[in-house]
Amino acid sequence: MAIEVVLPALGLTVEKGKILKWLKKEGQTVTKGDSLYEVEADKVTTEVESPVSGILRKILIPEEVEVPILTVVAVITDENEKLPEKYLTMGTATPERIEKPALPRIQEPSVLVTSGPTEIKAPPAARKLAKDKGIDLLSIRGSGPGGTILVKDVESFLSMERQAGARILATPTARKLAEREGIGLASVKGTGISGRVMKADVVGAKAAVRPGEPKPARISVKAPSVSTYQLGQVIPMNSIRKVIAKRMAQSKFTAPHIYFFNDVDMEKLLTLREEILTEFEETEGIRISINDFLIKAVALTLREYPLVNSRVSGEEIRIFPEINVGLAVAMEDGLIVPAVPRADQLGLGEIARYRADLVDRARQAKLTIEEMERGTFTISSLAQFDITFFTAILNPPQSGILTVGKVEERPAVRDGKMVIRRMMKEGLSVDHRIIDGAVAAQFLQSLKKKLENPYTTFLRF
Amino acid sequence: MREITFREAVVEALDIAMQRDPKIFLLGEDIGYYGGLFQATQGLMQKYGEDRVMDSPISESAILGAGIGSAIVGMHPVVEIMNIDFLPVCMDQLVNQAAKMRYMFGGRMKIPLVIRTTCGAGRGGAAHHAQATHAAFMHFPGIKIVAAATPHDVKGLLFTAIEDENPVLFIENKMMYNMKGEVPEGYYTVPFGKAAVHREGKDITIVATMRMVHKALAVAKEMEAEGVGIEVIDPRTLCPLDKETIIRSFKKTGKMIIVDEGNRVGNFGSEVASIIAEEAVEYIQAPILKVTAPHVPVPYSPVLEKEVYIPNEDGIKRAVHKVLEYA
């Protein structure tokens, strides 16, 4: 039977993808799981695997053409099977045709498809649960008839999310082995004390991984090329730039921004950091940065003001179920914002490790879509530049972004005397549709208090 | 407690009611000397005489008309329409007159009328003597509808029906007359609009009526061995209907099967499904299934009647397994 290959749903907000390269040629034999083609969507390049084994009979969408997700891009048939006629008439799409609605979409449900679901099937109870928990059904795999997403699927998704957020107990050997084998500790059932994951558990989990199961799509962020700009030059936007342009315009023109600033006395926090730096590095294996304290303090403040951790959806304000703090990372040409998940629940050591790993992989262009999309609030720091303060545009769909200027010695008045203190200006942009000035001011004030009293703030958590 | 049959419970209720209230009289075809086609009025004419237990001509219009008229002027008639299949003969009197008179005359009269009738296939009665058309009467405001499933309930519900000041259509499934069950002595009532939860379960809610309650219970018991908990609810009265109990159970299980012997279209279960869709949509975890008779006349062939027409345990089990795909 002819099987259609479609452009899968690549992420929650992805609508279109551009086929960069066909890795197989028409007429070539493909095995289920082989990489068929590379697609570029939003800021990432993904390899899409073949849903079945057979002959790649026809490529419907050529390279460098952008099509909406779920578009049929190729047809795979059995070895001796001819291409069904309807695909012959479809011909090969050209860029001109793509703009028109007459796309080679999935036409009959009779033909089984692919990697991405064509429609979400879920009974109302499952939809309600997902909606209440702020989960997109697209991210859940249904186990019911015809892939229907059941209540239990939503529940197990939730518990997996919880597990991923909770600290996983594991022996160092198990941790190392899991890392080497690429096995997520969250998916391994621990048999040790208090459910601690032991080496044997990881070995068992490795054996249990069935070879036929599809691997998650490999994702890589294309490192942009260095270019020297010249006067009069015309530069076509690459896909990262297009996404940034679209999102920033969308944010700025739909969310009315308001901005707030205050001064933070960083003396105590910097002293604390300096005091613990060496020992922290020895015990936690990571050099703690001011950003780590910021992430934690912001997360704790978001817990006090959940409205700042929300998004607008139609006429609803949806408060995110988690606090995932994103950190804007500048790339040579562009910007991405990986997020530390559930930062309110993590210790400073864990935050530091997450932060270092995410920033590192962001620069190596090795982030996953999930890591980039899970943020619920963003911190943007220009502390390394000679910038006192700045305003930032909200990172949609989020409703709050914190800006951090440089720390510098400034004269300050303490107990009626002029002293020199290390000060920092922090700024907050919020979406005034849902967050009023007083709430934003209180948020910023509470954050300032946390940073200025680091012992109380960070010892408690 | 002593056990008596469904039939004996009906006779006993009529007997006690007639002793308590001299205004009660019975009217119907062959209910006197013969004791009723199903012997549900056995011995009452001998006990209360021809004035209070009257054999009528073969005219449903006459039976119901006389019943309505005497109720208006202060009697408490309990009339019998032999088969629910015959009610359309006197449909106007039932749904346009009896059901609406009190309303249309501004409450100036009461119609304390009980219409006993039988329903159900299983005796080779074919298309005119074996239907289960109870759902059709739910459509008309002004008629209370009783659908008892146990000897205990039929006796208590009959007392409540007789006490009621409005027309009550009291339906007895003819295949249940010989069913035995515990029945208290003397007078007691079972309230209208209060469902019986015959069995509790956490996985699936089955709402079943009359004879189907017992088939549902048999399946529930069997499925328990497989670890599936089925809650079996018997509404006991279709109007008023105990929505609260049904919805409460559904909110717990999220899965619903309705088992009813009526034809499939416009079935009692269609109404239950609609209530769920309107009032508990966000609890729906699986398709709401009806197990009913197919939408055909009752076949005369005993094989078709038994194996194909009347909903049975196999059909209920199929529905259960289908729903369990969503568990």
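Select A:Asp415 to begin: with 5 C-beta neighbours inside 10 Å, this residue counts as exposed. The terms rest on a count of other C-beta atoms, placed from the backbone, within 10 Å of a residue's own: 20 or more make it buried, 12 or fewer exposed, and anything in between partly exposed. This is a predicted model, in which local features need pLDDT of at least 70 and side-chain atom pairs count only at pLDDT 80 or more, while totals for chains, interfaces and linings use all residues. Residues are numbered from 1 along each chain as its sequence is written, and chains are lettered from A and ligands numbered from 1 in the order in which they are written.

**Backbone angles in chain A**

A:Asp415 is found in the loop between β18 and β19 of chain A. Strands are DSSP runs of E with at least two residues, helices are runs of H or I with at least four, and both are numbered from the N terminus. The phi of A:Asp415 is positive, about 50°, although the residue is not a glycine. Most residues other than glycine have a negative phi, and most peptide bonds are trans.

Next, select A:Arg342, in the loop between β16 (339-340) and α10 (348-363) of chain A. A:Arg342 is likewise not a glycine, and has a positive phi of about 45°. Is A:Arg342 buried or exposed? A:Arg342 counts as buried, because 22 C-beta neighbours are inside 10 Å.

Move on to A:Pro396 and A:Pro397, which are joined by a cis peptide bond with an omega of about 5°. A:Pro397 is found in the loop between β17 (377-381) and β18 (400-414) of chain A.

**A buried leucine**

Select A:Leu428 in strand β19 (residues 417-431) of chain A. A:Leu428 has 23 C-beta neighbours inside 10 Å and therefore counts as buried. Two residues are in contact if their C-beta atoms, placed from the backbone, lie within 7 Å. Neighbours within four places in sequence aside, the contacts of A:Leu428 are A:Phe260, A:Gly400, A:Leu402, A:Ala440, A:Phe443 and A:Leu444.

**Strands of chain A**

Colour the strands β1, β8, β6 and β3 of chain A. They form an open sheet of four strands in the order β1-β8-β6-β3, with antiparallel pairing. Which strands stand at the edges? They are β1 (3-6) and β3 (29-30) of chain A; each has a single partner strand, so one side of each is left without a neighbour in the sheet. Two strands pair if DSSP finds at least two bridges between them. Four bridges join β1(A) to the antiparallel strand β8 (residues 72-77) of chain A, and A:Ile3 has A:Ile76 in β8(A) as its bridge partner.

Now select strand β2 (residues 16-22) of chain A. Its antiparallel pairing with strand β7 (residues 66-68) of chain A runs over three bridges, and A:Lys16 stands opposite A:Pro68 in β7(A). β2(A) also pairs in the antiparallel sense with strand β4 (residues 35-41) of chain A, over four bridges. There, A:Trp22 stands opposite A:Tyr37 in β4(A).

**Crossing to chain B**

Display both chains: nine residues of chain B are in contact with ten residues of chain A. On the side of chain B that touches chain A, five residues are nonpolar, two polar and two charged. Here Ala, Val, Leu, Ile, Met, Phe, Trp, Tyr, Cys and Pro count as nonpolar, Asp, Glu, Lys and Arg as charged, and the others, Gly among them, as polar.

**Helices of chain B**

Chain B has 13 helices and 14 strands, and 50% of its 327 residues count as buried. Select helix α1 (residues 6-20) of chain B: its 15 residues reach 21 Å from the first C-alpha to the last, close to the 21 Å expected at 1.5 Å a residue. That expected span is 1.5 Å times one less than the number of residues. Among the buried residues of α1(B) are B:Phe6, B:Val10, B:Leu14 and B:Met18.

Select α3 (residues 60-72) and α4 (residues 91-98) of chain B, which pack at an angle of about 25° with their axes 9 Å apart. Axes are lines fitted to C-alpha atoms, for helices over the stretch in contact, and angles run from 0 to 180 degrees between N-to-C directions. The angle therefore makes α3(B) roughly parallel to α4(B). Angles under 35 degrees count as roughly parallel, over 145 as roughly antiparallel, 65 to 115 as roughly perpendicular and the rest as oblique. B:Ser61, B:Leu64, B:Gly65 and B:Ile68 in α3(B) meet B:Gln93, B:Leu94, B:Gln97 and B:Ala98 in α4(B).

Finally, select B:Cys239 and B:Pro240, joined by a cis peptide bond with an omega of about 0°. B:Pro240 is in the loop between β12 (237-239) and α10 (243-253) of chain B.
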